[in-house]
Amino acid sequence: LAGSSDLLRALSADGPVSVVGFSLGGLFARLLALRHTEAVRQAITVGSPVHEPAKNFWMPLDGVIDLWPGPDLRALTAEVSQPLPVPCTAMFTRSDGVVNWESCVDEAADMVEIDGPHALIQTNPRVFEVAARVLARAAG
């Protein structure tokens, strides 16, 4: 999350922000919430494998995770699965096809089941309906 401090400083000029992420973006949203609690109001994740992400994609990445030359990905995956210190809404779909839907379940989150494949969740009208409701509730 290099540069996240600059991003959060720019985004939170008026106070804490809500972070929304699809798939891997949801894991980044969780990391921002964990590492910058003071700047994040809430997190919304959609089709994001919170638990053991390297094992829960259609093509498991667990066998090659240690080959990554950058930061310790095992440590990051352990960090991202920690309970969030801010409210979270997590959306998942049983018909995902890419991510094991059970890995998206966060017991501490407001869980919302949606329908449709992983490749189309970013255009799913239900996702936008839920996100709009959650964001409006936080703003109000």
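Predicted model: local features only at pLDDT ≥ 70, side-chain atom pairs only at ≥ 80, totals over all residues.

Student: Where is Ser103 found, and is Ser103 buried or exposed?

Tutor: Ser103 is found in the loop between β3 (88–93) and β4 (110–114). Buried means under 20% relative accessible area. Ser103 has 4% relative accessibility, and therefore counts as buried.

Student: How should I read a phi angle?

Tutor: Most residues other than glycine have a negative phi. Ser23 is not a glycine, yet its phi is positive, at about 55°. Ser23 is found in the loop between β1 (17–22) and α2 (24–35). With a relative accessibility of 13%, Ser23 counts as buried.

Student: How are aromatic rings described as a pair?

Tutor: A pair of aromatic rings is described by the distance of the centres and the angle of the planes. In this model the count comes to one aromatic pair. The ring centres of Phe92 and Trp101 are 5.3 Å apart and their planes are at 25°, so the pair is stacked; planes under 30 degrees apart count as stacked.

Student: What are the relative accessible areas of Phe92 and Trp101?

Tutor: Phe92 has a relative accessible area of 7% and is buried, whereas Trp101, at 22%, is partly exposed.

Student: Which charged end sits over the ring of Trp101?

Tutor: That of Arg94 sits over the ring of Trp101, 4.1 Å from the centre of the ring.

Conventions:
Residues numbered from 1 in each chain as written. Heavy atoms only, no water. Helix = DSSP H or I, 4+ residues; strand = E, 2+ residues; numbered from the N terminus. Buried < 20%, exposed > 50% of the residue type's maximum accessible area, 1.4 Å probe, protein only. Phe/Tyr/Trp six-rings, centres within 6.5 Å; stacked < 30°, edge-to-face > 60°. Lys NZ or Arg CZ within 6 Å of the ring centre and 35° of its normal.
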